[in-house]
Amino acid sequence: FKGLAGDLPLLSGEIMLSNEVLTGLSIRDKARKIAVVSQFTEVADITVSDYVLMGRIPYRSNFQFFESQKDHDIAGHYMQLTGVFPFRDKKMTELSGGEQQLAAIARALTQEPELLLLDEPTSHLDITHQVQILNLIQQLNHDLGLTVLIILHDLNLAGEYCDYLILMNKGKIHIQGAPSEVLNFQTIEDVYKTVVITRINPVSEKPVVFLVSDRVLKNR
C-alpha cells in the first residue's frame, strides 16, 4: 500500500497510473493523482474548512499564498458531499472520530485525485459511521468513476462494499476475485485459522461471515 502511495521504494517492477510511471512523477503531480486517507486522522487545531482546503495545495502556483475562489468552491462541494459542511467553522479537535474521518475524506477528494487510497478508514468507528463512510465511498466510485483501493480487516464490510477483493496471507496474495469467490469458509479458515460459517445476504446477495465460539463448538 505504501508502495502504491509512493512512500516506499519498490523491490522490483514499476507502478503505472494513467500510462505514467509513478516514480517519474513530481511530488505535486503525484498529489494531484493520488490521495491517501489513513486510519488515524492527523488532527490540528484549525477549522474544518481550512483543513479541507489543504487538499488544494498541489494546485497552487508559485508565490500563491491564498486559495482562489475555485479552491473554495471545490472544497465547499466536497464538504457538502461528505456531510461536514455544517461543521466547517468548527475546529477539527471538536469533531467526533467519525466526523474527523469524513473531513479527511473531504480533504482527499478536494485534491481531485484519480486514485483514492484508504487505510482502514472505518477502524475504531461505530456502525453508523462505518456505514456512512462506506456508502459515501461506494457512491463516489459509482458517480465520479473514482478508483478506490481500501484496506479493511472487517470481512463483512469488505464483502458488502467492495467489487473485488485481494486476501493477503503473510505478506503474499492468497486469493483474489469477487467477494463470492474469496469469502468462503474454506479460504477464511485456511488464512485465519478460525472456524467460520459463510452465508449469502438475502438482500445484497453478498457473502456474510459468521464466527463460532469455542464453547459452542465444544457443546455440539
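User: Is the crossing of α5 and α6 left-handed or right-handed?

Analyst: The crossing of α5 and α6 is right-handed, with the caveat that this is a predicted model.

User: What angle do α5 and α6 pack at, and how far apart are their axes?

Analyst: The packing angle is about 15°, and the axes of the two helices lie 10 Å apart. Angles under 35 degrees count as roughly parallel, and α5 and α6 are therefore described as roughly parallel to each other.

User: Which residues meet there?

Analyst: On the α5 side they are G98, E99, Q101, L102, I105 and L109, and these meet H129, Q132, I133, L136, I137 and L140 of α6.

User: How many bridges join β3 to β4?

Analyst: Four bridges join β3 to β4 (residues 115-119), and the two strands run parallel; one of the bridge pairs A35 with L116 in β4.

User: Switching to α4, how many residues does it have and what span does it reach?

Analyst: Helix α4 covers residues 69-82, which is 14 residues, and it reaches 20 Å from its first C-alpha to its last, close to the 20 Å expected at 1.5 Å a residue. After α4 comes G83, whose phi is positive, near 85°.

User: Which of its residues are buried, and what covers them?

Analyst: The buried residues of α4 are D71, I74, A75, G76, Y78, M79 and T82. Their cover includes α3 (48-53), α5 (97-110) and α6 (127-144), so the pattern can be read with helix geometry in mind: an α-helix has 3.6 residues a turn, and residues three or four places apart point the same way.

User: And the chain overall, how many helices and strands?

Analyst: There are ten helices and nine strands in the chain, and its C-alpha atoms fill a box of roughly 70 × 45 × 30 Å along the principal axes. Of the 220 residues, 37% are buried. Among contacts between residues at least 6 apart in sequence, 59% join residues at least 24 apart.

Notes
Residues are numbered from 1 along each chain as its sequence is written. This is a predicted model: local features need pLDDT of at least 70, side-chain atom pairs count only at pLDDT 80 or more; totals for chains, interfaces and linings use all residues. Side-chain values use heavy atoms; hydrogens and water are left out. The expected span of a helix is 1.5 Å times one less than its number of residues. Buried means under 20% relative accessible area, exposed over 50%, partly exposed in between (1.4 Å probe, protein chains only). Contact means heavy atoms within 4.5 Å. Two strands pair if DSSP finds at least two bridges between them. Axes are lines fitted to C-alpha atoms, for helices over the stretch in contact, and angles run from 0 to 180 degrees between N-to-C directions. Angles under 35 degrees count as roughly parallel, over 145 as roughly antiparallel, 65 to 115 as roughly perpendicular and the rest as oblique. A crossing is left-handed if the near helix is turned anticlockwise from the far one by less than a right angle, and right-handed if clockwise.
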